[in-house]
Amino acid sequence: IGLTDVSDDFGCAKSVIEKLRPGDYVEAAKVGHNDDHLELSLRKSHLEDSVADIKDPDVRQAAEVKVGSTVRGFVRSISNKGCFVNLSRSVVARVLLRDLADVFIKDTEKRFPPGKLVSATVKAVHSETGRIELSLRSSDRDENEQLGHLREGTRIVGVVKSV
């Protein structure tokens, strides 16, 4: 069972795993198989065929991801060119080194260890190849998303950029 199949809310995945002990019984749903193993899921949406309370959908192919949307996933690996993020058991996205942050990061391996939960903006989707490009840069986030938490009537102080 991979991290993306522990919960419908990736933010809860690590706490669910921390509660598990050897010998515990868990109910899981078969979601696939390979020649040598079963792929299982603890997601409530797989166990109960429920669509309620799904914060992080089970992405089965790149075409389901839309450019400009925000997705969450777990860092799979990091290299000198960027990192790979698991969006699901079968979909992995790439974040180029320049898109990891708004500022230079000296030690990317320390900042993005495998298993770290990240939130990213989808920059590109290549449905024919199954490749997804992400950005973790806050400057790439949709302006409406950044300001979406403000209520009507909220007073804001700002700086005029141009007239």
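The model is predicted. Its largest pocket holds about 240 Å³ of space, and strands 1 and 2 form a hairpin. S7 is a buried residue in the segment that precedes helix 1.

**The largest pocket**

- Rolling a probe the size of a water molecule over the atoms shows where empty space is left.
- In the largest pocket, that space comes to about 240 Å³.
- The pocket is lined by 15 residues, of which P57, V59, T70, V71 and R72 are the closest to its centre.
- Strand 3, spanning residues 70–79, supplies the largest share of this lining, with three residues.
- By class, the lining consists of six nonpolar, six charged and three polar residues.

**The hairpin of strands 1 and 2**

- Strand 1 covers residues 29–33 and strand 2 covers residues 38–41; the two pair in the antiparallel sense over four bridges.
- Four residues lie between these strands in the hairpin.
- Within the pairing, K30 stands opposite L40 of strand 2.

- S7 is placed in the segment before helix 1, which runs over residues 10–19.
- The relative accessibility of S7 is 13%, which is under the 20% cut-off, and S7 therefore counts as buried.
- A polar atom of the S7 side chain lies 3.1 Å from the backbone nitrogen of D9.
- When residues up to four places away in sequence are not counted, S7 touches C12, A13 and R43.

Technical notes
Residues are numbered from 1 along each chain as its sequence is written. This is a predicted model: local features need pLDDT of at least 70, side-chain atom pairs count only at pLDDT 80 or more; totals for chains, interfaces and linings use all residues. Side-chain values use heavy atoms; hydrogens and water are left out. On a 1 Å grid over the protein atoms alone, a cavity is a set of points where a 1.4 Å probe fits but cannot get out, and a pocket is an open set with protein on both sides within 12 Å along at least five of seven lines; lining residues have an atom within 4 Å of a point. Grid points are joined across faces, edges and corners, and a volume is the space filled by probe spheres set on the points. Ala, Val, Leu, Ile, Met, Phe, Trp, Tyr, Cys and Pro count as nonpolar, Asp, Glu, Lys and Arg as charged, and the others, Gly among them, as polar. Two strands pair if DSSP finds at least two bridges between them. Buried means under 20% relative accessible area, exposed over 50%, partly exposed in between (1.4 Å probe, protein chains only). A polar contact is a pair of N or O atoms within 3.5 Å; within protein, one must be able to donate a hydrogen and the other to accept it, and residues adjacent in sequence count only if both atoms are side-chain atoms. Contact means heavy atoms within 4.5 Å.
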